[in-house]
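Biologist: I'd like to learn how to read a structure like this one. Could you walk me through it, feature by feature?

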Amino acid sequence: MASNNHLPLLLLLIITTTSSTSLAADQDKLVIKIIDAMISGGNFEDWSPAFLSTNDEKNGQVLTSTLFLPKTSVEGINATSPLVAAYHIVPQLLHFYNISLMEPLSRIPTLLSGNSIVVTNNSASGFALDGVLVSEPDLFVSPYIVIHRIASPFNFSRYGGDDI
């Protein structure tokens with residue numbers, strides 16, 4: 001049994017643990033809501049409006065994040081796959097300036113657990129992640145969200161794991 005001297009500390013610990021668990025659960029629900037909205041449209045063109053409409057401070061909680069938005073489709077990479085959608089979202093705000101300072105082979109963790117995007121070319125003329133050209137950097141920027149247009153979808157089965 002806790003002594004009276006330790007009771008306030010114990011209560012603070014319980015409240016903090018409950019609060020952070022609740023925030024994590026809310027964050028997980030938001031991630032699922034965002035990904036479900038993105039994949040429901042059936043194509044990559046629908047990702048941006050779905051991402052922005054479900055991840056809006058007016059609707060409540062916002063996932064501070066960066067979306068890499070494919071310009072075109074590629075055979076074998078499905079826009080309706082939750083895994084593909086999760087791999088195109090980074091749970092941090094990354095302006096192009098920040099990404100451009102990263103060294104080749106640097107990894108950027110994504111929402112797809114255990115997978116990260118790889119900086120494959122950091123030259124000004126052909127900046128690429130996972131071998132895909134970043135064609136329109138900072139396409140959309142807000143205090144919580146950045147969207148970069150990429151030439152085609154990332155292939156997490158090629159670059160996503162630890163080995164390149």
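Modeller: Let's settle one term before we start: a contact means heavy atoms within 4.5 Å. Keep in mind, too, that this is a predicted model. With that cut-off, and leaving out residues up to four places away in sequence, Met 38 touches Trp 47, Ala 50, Phe 51, Leu 67, Ala 85 and Ile 89.

Biologist: Which residues have the most contacts inside the largest nonpolar core?

Modeller: Met 38 is one of them, along with Trp 47, Ile 108 and Leu 129, in a core of 40 residues. Helix H1 (7–40) gives the largest share of that core, 7 residues. Other elements supplying at least two residues each include H2, E1, helix H3 (82–87) and strand E4 (116–121).

Biologist: Let me step back to the overall layout. How many helices and strands are there?

Modeller: The secondary structure comes to 5 helices and 7 strands. Going along the sequence, you read α-α-β-α-β-α-β-β-β-β-β-α. Of the 164 residues, 38% are buried. Take the contacts with a separation of 6 or more: 60% of them are between residues 24 or more positions apart.

Biologist: And how do I read the sheet?

Modeller: The general idea is that strands of a sheet pair through backbone hydrogen bonds, either parallel or antiparallel. Here you have an open sheet of 7 strands with mixed pairing, in the order E2-E1-E7-E6-E5-E4-E3. E2 and strand E3 (107–109) are at the edges with a single partner strand each, so one side of each has no neighbour in the sheet. Helix H2 (residues 47–54) packs on the sheet, where it touches E1, E2, strand E6 (132–141) and E7. The direction of H2 makes about 160° with that of E1.

Biologist: Which strands does E1 pair with, and in what sense?

Modeller: E1 pairs with strand E7 (residues 145–150) in the parallel sense, over 6 bridges. Strand E2 (residues 89–90) runs antiparallel to E1, and 2 bridges join them. For landmarks, find Leu 69 opposite Arg 149 in E7, and Thr 66 opposite Val 90 in E2.

Biologist: Is E1 enclosed by the rest of the structure or left open?

Modeller: Largely enclosed, because 6 of the 6 residues of E1 (residues 65–70) are buried. Look at where the side chains go: Ser 65, Leu 67 and Leu 69 point one way, while Thr 66, Phe 68 and Pro 70 point the other, and all are buried.

Biologist: Now the charges. What should I look for?

Modeller: Side chains of opposite charge can pair when their charged atoms come close. In this model the count comes to 1 salt bridge. The partners are Arg 149 and Glu 136, at 3.6 Å from N to O. Arg 149 sits in strand E7 and Glu 136 in strand E6, 13 residues apart, so to speak of the pair is to speak of a link between distant parts of the chain.

Biologist: Is Glu 136 buried, partly exposed or exposed?

Modeller: Partly exposed, at 29% relative accessibility. That class lies between the buried limit, under 20%, and the exposed one, over 50%.

Biologist: Last one: what does the accessible surface come to?

Modeller: About 9000 Å², with 58% of it belonging to carbon and sulfur atoms.

Conventions. Residues are numbered from 1 along each chain as its sequence is written. This is a predicted model: local features need pLDDT of at least 70, side-chain atom pairs count only at pLDDT 80 or more; totals for chains, interfaces and linings use all residues. Side-chain values use heavy atoms; hydrogens and water are left out. Buried means under 20% relative accessible area, exposed over 50%, partly exposed in between (1.4 Å probe, protein chains only). Helices (H or I, at least four residues) and strands (E, at least two) are DSSP runs, numbered from the N terminus. Two strands pair if DSSP finds at least two bridges between them. Accessible areas come from the Shrake-Rupley method with a 1.4 Å probe; for residues, only the protein chains shown count as cover. Axes are lines fitted to C-alpha atoms, for helices over the stretch in contact, and angles run from 0 to 180 degrees between N-to-C directions. A salt bridge is a side-chain nitrogen of Lys or Arg within 4 Å of a carboxyl oxygen of Asp or Glu. A nonpolar core is a set of buried Ala, Val, Leu, Ile, Met, Phe, Trp, Tyr and Cys residues joined through side-chain atoms within 4.5 Å.
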